[in-house]
Amino acid sequence: MDTIRKIVFNDLIEIIGLEKKIFDDSWSSKIIQNQIKNLEAINLAVIQDSRIIAYIFSRIYIDFIEIERVGVIKSERRNKVGEKLMKELENIAYVKNKRNI
């Protein structure tokens, strides 16, 4: 069973590794570190068997939330993992009264 949770600083090394596997234009470790520490960010991970299989980085602005990055490991693509992340982000946006993503 997949679970979705907030990304914490202890996830940094795992996220950096995934970022390099998933994207040719991967973010630097410094950018990822800053994103995780950003208080205006909503960063979520999908956990399966104690490992991160997908993540989303987004940022809260005055009246909307901007998606900055979505990563899903290759073996989990087309399994609606990204859709689960989006639905969770939509739920958070609703609670925070942000109607636009």
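A residue is taken as exposed when its relative accessible area is over 50% and as buried when that value is under 20%. In this predicted model, S50 has a relative accessible area of 73% and is therefore exposed. S50 lies in the loop between β2 and β3, and its phi is near 65°, a positive value in a residue other than glycine. D49 is likewise placed in the loop between β2 and β3, where D49 adopts a positive phi of about 50° although it is not a glycine. With a relative accessible area of 69%, D49 also counts as exposed.

N43 is buried because its relative accessibility is 7%, a value to be read against the cut-off of under 20% for burial. The side chain of N43 forms a polar contact with the side chain of Q35, at 2.9 Å. When neighbours within four places in sequence are set aside, the residues in contact with N43 are R5, K6, I7, Q35, I36, I56, F57 and S58.

Two of these contact partners, Q35 and I36, are also found, together with I32, as the buried residues of helix α2, which spans residues 29–37. Viewed down the axis of α2, the buried residues fall within an arc of 95°, so they line one face of the helix. The packing partners of these buried residues are α1 (12–22) and the strands β2 (41–48), β3 (51–60) and β4 (65–72).

Both I36 and N43 also contribute to the lining of the largest pocket, alongside K6, I7, N38, A41, I42, I92 and K96. The space in this pocket amounts to about 170 Å³. Strand β2 supplies the largest share of the lining, namely three residues. Classified by residue type, the lining comprises five nonpolar, two polar and two charged residues. Among the lining residues, K6, I7 and I36 are in contact with N43 as well.

Note on methods:
Residues numbered from 1 in each chain as written. Predicted model: local features only at pLDDT ≥ 70, side-chain atom pairs only at ≥ 80, totals over all residues. Heavy atoms only, no water. Buried < 20%, exposed > 50% of the residue type's maximum accessible area, 1.4 Å probe, protein only. Helix = DSSP H or I, 4+ residues; strand = E, 2+ residues; numbered from the N terminus. Arc of directions from axis to C-beta. Contact = heavy atoms within 4.5 Å. 1 Å grid on protein atoms, 1.4 Å probe; cavity = no way out; pocket = protein on both sides within 12 Å on 5 of 7 lines; lining within 4 Å. Points joined across faces, edges and corners; volume = space filled by probe spheres on them. Nonpolar A, V, L, I, M, F, W, Y, C, P; charged D, E, K, R; others polar. Polar contact = N/O pair within 3.5 Å; in protein donor to acceptor, adjacent residues only side chain to side chain.
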